[in-house]
Amino acid sequence: MTEPLSQATIETVKATVPALAQHGTAITTAMYARLFEDAHIRNLFNHANQGESGAQVHALAAAILAYARNIDNLGALAPVIDRIAYKHVGYHILPEHYPYVANALLGAIQQVLGEAASEAVLKAWGEAYWFLADLLTAREAVLRGEIQRAEGGWHGWRQFVVAEKIRESSAITSFVLRPADSGPVLRHRPGQYLTFRLQPPGAPELKRNYSISCAPNGRFYRISVKREADGQGGSRYLHDDIKVGDVLETTPPAGDFFLSDAPQRPVILLSGGVGLTPMVSMAETIAAQHADLEAHYVHATTNSDTHAMDAHVRGLAAEHGKLRVATFYSEPGTADRLGETHDGEGFVSIDWLARTTPLHDADIYLCGPKPFLRAFVSGLALAGVAADRIHYEFFGPADELIAA
C-alpha cells in the first residue's frame, strides 16, 4: 500500500502553486525536452499532441497544477487518475518508464525555478511524484489484469489484418480489423478506443488513438477515421497507404468513456464531426442489448458530403424503435433537403435539446472537437444537468476540460 504523504510534503507542494501557475508551461516544455533526449522514451508518445499548438504541454501543466492544488484532497483527482491510467495501458507505458519522467520533471522544476527550487521543494515534489506514480501503476496493474483474464485479452501489441476498408463520407473511412492470429478479440466497452503503432514509409513511427465504431462482438474491431489535411500523417497514412490485407498493430481497448453496462435512465448520444465514432458503437449496443431503453442520437456535421454512417444509424433506430435520430447541418449543400437529408440547420443548442429530449432525466454522452465539447460541457452544467450525468470523450489532451 502506498504510504500517505507527510504534512510537510503537502504544505511544501501547495506552497509551489503560485510558481506553477506562473511557470507551469515552461516547466513542462523543459520536461519534455529532457524526456525526449531518450529515443525509446520519445517513441512511447503521440507526437501529434506535441505540435505547434503545444496542447500536451499545456495539458500536463494544468494537470500538475491541479495535483498541487488538490494534493490534500486526492478524491477530486480520481477521474483524472483513471483517465491517465487508461492512456498508459493504451500506449503500453510500464512501471520501468516512470523513473525517466521523475528525473525529467524534477530537472525541469530546478531548471525553470532556479533558486526557488530549494532542496526541500525538490524533495517534496519527488515524494509527491512517486506517490502519484504508485497510485497510477497500481491502477494500471488492475486494468491490465482484467484485460488479460478476459476472453480475447492480450498484453502489449497485437497484429490485426485490415479485412475491409469502407468509404463512409468524403473524409471518413472505416477499417474492419480481424486478429492475424485468428483468435478471439476482447469485447470492448462501447466508447473505448484502440491505440495503434503506425510506421509510414520513410517517416518516424507514430502512435495514434482511434475510437472503436462497432459494438463489441468478440471477432473484430472497426475504426472510422477522418482524413486530416494537416497534422503529422497518421490519418493520411491509413487513408492513402493502408490496403485490405495489410497488418496494423494495436494495444487492447482502453478508455474511461463508455456506455453504462446497465443504463438506468434515458440516454442521449451527442456528437460533432468524427466524434460520431464512439456513438455508433454505443448505438449498435443499444439496438442489440437494450430493447426497452429510450435513446436519442443527435449528430452535428457540415452537410451530407461529410456525414458518415447516417443510413446505418437510421437503420439501427428503425430496428430498435425507441432510438430517435436527429442530424444538424451547419452548411447544407445544394442537394441537401431539410426533413430529408437532415433534421435541423445551424448548430445544436441546449434549448433544442431541452425541448426535444429528456435532457434533465438522461445520461448524456458527448464526443467531438474541443470547441464542441467546451460549449456543451459548460452549457449543460449551466442548464442544470447534474455533473454525474455528463460523460465526454475528447480528441487529444484534455487541458482546460480536466483542469477546471
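A residue is called buried when its relative accessible area is under 20%, exposed when that area is over 50%, and partly exposed in between. The model discussed here is predicted.

**Helix H4**
- Helix H4 is mostly covered, since twelve of its 15 residues are buried.
- The buried residues of H4 include Ala 55, Gln 56, Val 57, Leu 60, Ile 64, Leu 65 and Tyr 67.
- The 15 residues of helix H4 (residues 55-69) should span 21 Å at 1.5 Å a residue, and the end C-alpha atoms are 21 Å apart, so the two values agree.

**Nonpolar cores**
- The largest nonpolar core contains 75 residues, and Tyr 67, Trp 125 and Leu 177 have the most contacts inside it.
- Helix H7 (residues 119-149) supplies the largest share of this core, namely twelve residues.
- Another core, of 25 residues, lies apart from the largest one; Ile 172, Met 282, Ile 286 and Leu 323 are among its members.
- Leaving aside residues up to four places away in sequence, Trp 125 touches Val 13, Thr 16, Leu 20, Ile 64, Tyr 67, Ala 68, Leu 106 and Ile 109.

**Residue Ser 349**
- Ser 349 is located in the loop between strand E10 (344-345) and helix H11 (350-356).
- Ser 349 counts as partly exposed because its relative accessibility is 30%, which falls between the 20% and 50% limits.
- Ser 349 and Gln 159 are separated by 190 residues in sequence and by 42 Å in space, C-alpha to C-alpha.

Note on methods
Residues are numbered from 1 along each chain as its sequence is written. This is a predicted model: local features need pLDDT of at least 70, side-chain atom pairs count only at pLDDT 80 or more; totals for chains, interfaces and linings use all residues. Side-chain values use heavy atoms; hydrogens and water are left out. Helices (H or I, at least four residues) and strands (E, at least two) are DSSP runs, numbered from the N terminus. Buried means under 20% relative accessible area, exposed over 50%, partly exposed in between (1.4 Å probe, protein chains only). A nonpolar core is a set of buried Ala, Val, Leu, Ile, Met, Phe, Trp, Tyr and Cys residues joined through side-chain atoms within 4.5 Å. Contact means heavy atoms within 4.5 Å. The expected span of a helix is 1.5 Å times one less than its number of residues.
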